[in-house]
Amino acid sequence: MTKTNNDKTTIGFIGLGVMGEPMCRNLALRRNDIGSPRVLAFDLNKEPLKRLESDGVETTASVAALVNQSDMILMSLPGGKQVEAICNDVHGIFAHAKSGAVVIDLSTTPVDLTRVLSEKFASKDVAFMDAPVARTRQAAEQGTLAISVGGMAETFTRIEPILRCFATDITYCGESGAGQMVKILNNMILFQTVNALAEALTVARKAGMDGEVLFKALSNGSADSFALRNHGMKALLPGTFPEQAFSTLYATKDLDYALDLAKSVGVKMTGAENVRRLFEEAAEEGYGDNYWPVIVKVLEGKAAGN
């Protein structure tokens with residue numbers, strides 16, 4: 001398994017997008033806390049690789065080259081399709097992972113896929129851990145992410161110091177898939193909460209009330225929440241829905257994972273289904289690439305009779 005002498009340990013990081021780049025940077029900057037391992041990285045986009053060079057991250061030419069050298073491989077990818085592809089490709093992670101390695105999936109992926117990959121990697125004496133991250137890009141930059149972890153408890157003990165390089169709140173949730181289950185249900189709850197805030201804001205404004213007054217008053221009562229103080233006050237209220245953030249299309253993907261999980265256990269989630277339809281309408285109106293609280297635009301359009 002991974003060497004306890006971290007001088008000889010190499011950590012590979014695949015996927016340097018909005019969340020991946022700052023996570024990889026914090027891992028490199030804080031590696032003295034975990035024994036100063038080498039940090040390798042790979043991404044199809046060369047720009048983040050160049051930026052990370054000044055932080056001591058070494059660029060690799062391919063996934064295979066990274067995996068061949070790494071004792072621990074971290075992935076931060078857009079979703080299940082990408083994770084499945086990079087794991088199963090002939091030049092991918094499974095084909096080149098060495099016995100005793102650990103693969104840590106920081107992406108948000110379906111529970112059933114996670115369990116399938118865990119069994120597959122186990123056949124090669126490679127531990128596969130699901131460790132999806134939560135919170136914002138700012139949290140990724142500050143190293144204050146929250147992570148829910150699924151997989152073998154003994155492996156969690158070994159990887160926790162690595163995760164603490166870019167996260168402050170880490171919860172071991174149970175066997176393979178448990179981390180993903182927590183993440184997708186967390187997002188499902190968040191989506192519904194923000195939908196309720198968007199509806200309240202639309203109604204209040206239509207009835208002649210100032211939205212800022214509404215949200216400030218709500219924050220002092222039982223409706224206060226992380227969603228209100230962040231998604232509500234920072235996105236819904238000012239109408240700020242940039243691209244290059246957590247888009248409506250990405251949110252739809254995560255919500256679909258939750259709906260698929262519910263269907264697999266015979267549970268109907270009507271609230272989540274309603275939000276799923278709203279996401280679809282937002283995409284149809286051209287907001288697919290915008291930050292997903294843009295769903296308020298759909299509600300406002302309906303309120304205006306459009």
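These questions and answers cover strands, rings, charges and cysteines in a predicted model.

Q: Why is Trp292 called buried?
A: Buried means under 20% relative accessible area. Trp292 has 0% relative accessibility, so Trp292 counts as buried.

Q: What makes Tyr291 count as buried or exposed?
A: The cut-off for buried is under 20%. Tyr291 comes to 17%, and therefore counts as buried.

Q: What makes Tyr291 and Trp292 an edge-to-face pair?
A: Ring centres must lie within 6.5 Å, and planes over 60 degrees apart count as edge-to-face. Tyr291 and Trp292 are 6.5 Å centre to centre, with 70 degrees between the planes. Ring pairs also link both residues into a cluster with Phe191, Phe246 and Phe279.

Q: Why is the pair of Phe121 and Phe128 called stacked?
A: Stacked requires planes under 30 degrees apart. Here the angle is 25 degrees, and the centres are 5.4 Å apart. Phe121 and Phe128 are both buried. The structure holds 8 aromatic pairs, and this stacked pair is one of them.

Q: What makes Lys124 a charge over the ring of Phe94?
A: The distance limit is 6 Å from the ring centre. Lys124 lies over the face of Phe94 at 5.1 Å. Lys253 lies over the face of Tyr250, at 5.9 Å from the ring centre.

Q: Why is Cys173 called partly exposed?
A: Partly exposed falls between buried, under 20%, and exposed, over 50%. Cys173 has a relative accessible area of 28%, so Cys173 is partly exposed.

Q: How do you know that both faces of strand β4 are covered?
A: Look at residues 72–75. Met72 and Leu74 on one side are buried, and so are Ile73 and Met75 on the other. In a regular strand, side chains alternate between the two faces of the sheet.

Q: What makes β1 and β4 count as paired strands?
A: Pairing takes at least two bridges. Strands β1 (residues 10–14) and β4 run parallel and are joined by 4 bridges. Gly12 stands opposite Ile73 in β4. Strand β5 (residues 102–105) is also parallel to β4, again with 4 bridges. There, Met72 stands opposite Val102.

Methods. Residues numbered from 1 in each chain as written. Predicted model: local features only at pLDDT ≥ 70, side-chain atom pairs only at ≥ 80, totals over all residues. Heavy atoms only, no water. Buried < 20%, exposed > 50% of the residue type's maximum accessible area, 1.4 Å probe, protein only. Helix = DSSP H or I, 4+ residues; strand = E, 2+ residues; numbered from the N terminus. Phe/Tyr/Trp six-rings, centres within 6.5 Å; stacked < 30°, edge-to-face > 60°. Lys NZ or Arg CZ within 6 Å of the ring centre and 35° of its normal.
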